[in-house]
Amino acid sequence: RAGGDRGRPDRGGSALMIRRPDWFAIQRRFLASLPRVSASLAIGVGTAVLAGWALNVTVLESVGLGPTAMKANTAVGLILTGIALWFAPRLTGRIAAAAVVFLAAVTLGEFVAGRDFGIDQLLVVDRATDLPGPGRMALNTALGFLLLGAGLLQTSSSSARRRRAAEVESAIVALLTYVTLVSLLLGVDMYAGGVEPYFRMAWA
């Protein structure tokens, strides 16, 4: 019996063993959830801002994070970006990403041409009169949306070069966002010298 018992598994001992968490699996699940979480956040914030403009609720227009209201077109850009993230790389996601690129490109064209193409106050009338181009998103916001939209269009590409380009574009957007957050949190004017009105943006 002694010899036979040696070959049997120690069921009592194995039952007491503590199962260690699979940190790699947890990390993979966390990273896999980031696009959907980011998409939900973008759609939620954009919707809240549009509701703020529609209902004339100032705290919603700025998401309660500063004196500068987020423009309605910026909120639309956020919603479209969220849709593109949520449905990427499906057709719906690509259409939304293309719409983001179009919105950003037209806005940048307004800055370059010095003209109003009629999209800045298409949804709401901007009550702010101290900024050039009422209702127009900031120049760096438009640039960020252009890069985001282009990056989302390229993420589903089979070309390694295009995927790397999408990563670079995302890094530039992250840098623009970081500079804006630092400016907002510290109350520092990052765009002094007469160009600040063109770069003033809400936290998005």
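Where is the place of Pro-89? Select Pro-89 and you are in the loop between α5 and α6. Before going further, note that this is a predicted model, in which local features need pLDDT of at least 70, side-chain atom pairs count only at pLDDT 80 or more, and totals for chains, interfaces and linings use all residues. Residues are numbered from 1 along each chain as its sequence is written, and side-chain values use heavy atoms, with hydrogens and water left out.

**Whole chain**

Show the chain as a cartoon. The protein chain has nine helices and zero strands, where helices (H or I, at least four residues) and strands (E, at least two) are DSSP runs numbered from the N terminus. Along the sequence the pattern reads α-α-α-α-α-α-α-α-α. Of the 204 residues in the protein chain, 30% are buried. Buried means under 20% relative accessible area, exposed means over 50%, and partly exposed lies in between (1.4 Å probe, protein chains only).

**The loop between α5 and α6**

A cis peptide bond joins Ala-88 and Pro-89, with omega about 0 degrees. Ala-88 also lies in the loop between α5 and α6. Ala-88 counts as partly exposed because its relative accessibility is 33%.

Next, select Asn-56, in the loop between α3 and α4. Asn-56 is not a glycine, yet has a positive phi of about 60 degrees. Most residues other than glycine have a negative phi, and most peptide bonds are trans.

**Helix pairs**

Two packed helices are described by the angle between their axes and the distance between the axes. Axes are lines fitted to C-alpha atoms, for helices over the stretch in contact, and angles run from 0 to 180 degrees between N-to-C directions.

Select α3 and α5. They pack at an angle of about 155 degrees, with their axes 8 Å apart. α3 is therefore roughly antiparallel to α5. The cut-offs are under 35 degrees for roughly parallel, over 145 for roughly antiparallel and 65 to 115 for roughly perpendicular, with the rest oblique. The crossing of α3 and α5 is left-handed, that is, the near helix is turned anticlockwise from the far one by less than a right angle (clockwise would be right-handed).

For α5 and α7 the angle is about 15 degrees and the axes are 11 Å apart. This makes α5 roughly parallel to α7. Here too, α5 passes α7 in a left-handed crossing.

**Salt bridges**

How many salt bridges does the structure hold? There are three, a salt bridge being a side-chain nitrogen of Lys or Arg within 4 Å of a carboxyl oxygen of Asp or Glu.

Select Lys-71 and Asp-126, whose side chains meet in a salt bridge at 2.7 Å, N to O. This pair links distant parts of the chain, 55 residues apart: Lys-71 is in the loop between α4 (58-61) and α5 (72-87), and Asp-126 is in the loop between α6 (91-113) and α7 (139-154). Lys-71 is buried, with a relative accessible area of 11%. Asp-126 counts as buried at 8% relative accessibility.

Move to Arg-136, and show Glu-110 and Asp-120 with it. Glu-110, Asp-120 and Arg-136 are linked in a network of salt bridges. The closest N and O atoms of Arg-136 and Glu-110 are 3.2 Å apart. That pair links the loop between α6 and α7, which holds Arg-136, to helix α6, which holds Glu-110, 26 residues apart. Both Arg-136 and Glu-110 are buried. The side chains of Asp-120 and Arg-136 meet at 3.0 Å, N to O. Both Asp-120 and Arg-136 are in the loop between α6 and α7, 16 residues apart. Asp-120 counts as buried at 3% relative accessibility, and Arg-136 is buried with a relative accessible area of 13%.

**Helix α8**

Select Ala-166, in helix α8 (residues 160-186). Ala-166 counts as buried because its relative accessibility is 4%.
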